Amino acid sequence: MPEIRLHLATEITPLWQATEAALARSNLPPPFWAFCWPGGQALARYLLDHPDLVAGRTVVDFAAGCGVAAIAAARAGARRVRAAEIDPFAAAAIAMNAGLNAVAVEALDDDIVGRPLAADVVLAGDVCYERPMAERVFAWLRRLAGDGALVLLADPGRAYLPEGGLAPLARYDVPTSRELEDRETRPTTLYRVEG
């Protein structure tokens, strides 16, 4: 995506090992924040092409990864953007990437699932890759949509995408890394979550 610049890893294994060494812990989750995943790319593209969805509004990017969707929301004119991740390294990466793009994004390193949010728009990309997480997150996203938020979810065909409660809005062929995915591009659909 030419409009947004990001600090990203080129290889997962050395970064993963360095993260484990820095924390002096093994068996840490992969550094998901060091890559621009298909869901985040699709959300970013959609917001840049449809800035009216976020202009002047408050936005929360859930499971923000490297922050690409949050940065796109800020570039599209959102009044306030928060990017939530549970990994403090992700919060640092989001802050660095926001700075690189000269936009204001507040990075949160906290588990916000289940909490009410003071947000007009909620973004979620690539969150349906594990059953327990997908079920927990999707129930929460539907509650937020029912409470009046515009909730956008982008998914590249992950196994645990719910079958109902989603209205498709756009589809993109997103370039990916063979180190992370099983192909060079992932068809990724952007949905509006129904409350």
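Of the 195 residues in the protein chain, 49% are buried. The model is a predicted one.

The protein chain has five helices and seven strands. Read from the N terminus, these elements follow the order α-α-β-α-β-α-β-β-α-β-β-β. Contacts between residues at least 6 apart in sequence can be sorted by separation: in the protein chain, 69% of them join residues at least 24 apart.

**Helix 2 and helix 3**

Two packed helices are described by the angle between their axes and by the distance between the axes. Helix 2 spans residues 38-49 and helix 3 spans residues 68-75. The two pack at an angle of about 5 degrees, and their axes lie 8 Å apart. Angles under 35 degrees count as roughly parallel, so helix 2 and helix 3 are roughly parallel to each other. On the side of helix 2, the contact is made by Gly40, Gln41, Leu43, Ala44, Leu47 and Leu48. Helix 3 contributes Val68, Ala69, Ala72, Ala73 and Arg75. By class, the residues of this contact between helix 2 and helix 3 are eight nonpolar, two polar and one charged.

**Ala70**

Ala70 is found in helix 3. Its relative accessible area is 0%, and residues under 20% count as buried, so Ala70 is buried. Ala70 and Ala44 are separated by 26 residues in sequence, while their C-alpha atoms are 7.7 Å apart in space. When neighbours within four places in sequence are left aside, Ala70 is in contact with Asp61, Val81, Ala83 and Val105.

**Cysteines**

How many disulfides does a search of the whole structure find? The search finds zero. For Cys36, the closest cysteine sulfur is in Cys66, at 4.1 Å from the sulfur of Cys36. A disulfide needs the two sulfur atoms within 2.5 Å, so this distance is too far for a bond. Cys36 counts as buried at 19% relative accessibility, and Cys128 is also buried, with a relative accessible area of 1%.

The table lists the relative accessible areas given above.

| Residue | Relative accessible area | Class |
|---|---|---|
| Ala70 | 0% | buried |
| Cys36 | 19% | buried |
| Cys128 | 1% | buried |

Definitions and conventions:
Residues are numbered from 1 along each chain as its sequence is written. This is a predicted model: local features need pLDDT of at least 70, side-chain atom pairs count only at pLDDT 80 or more; totals for chains, interfaces and linings use all residues. Side-chain values use heavy atoms; hydrogens and water are left out. Axes are lines fitted to C-alpha atoms, for helices over the stretch in contact, and angles run from 0 to 180 degrees between N-to-C directions. Helices (H or I, at least four residues) and strands (E, at least two) are DSSP runs, numbered from the N terminus. Angles under 35 degrees count as roughly parallel, over 145 as roughly antiparallel, 65 to 115 as roughly perpendicular and the rest as oblique. Contact means heavy atoms within 4.5 Å. Ala, Val, Leu, Ile, Met, Phe, Trp, Tyr, Cys and Pro count as nonpolar, Asp, Glu, Lys and Arg as charged, and the others, Gly among them, as polar. Buried means under 20% relative accessible area, exposed over 50%, partly exposed in between (1.4 Å probe, protein chains only).
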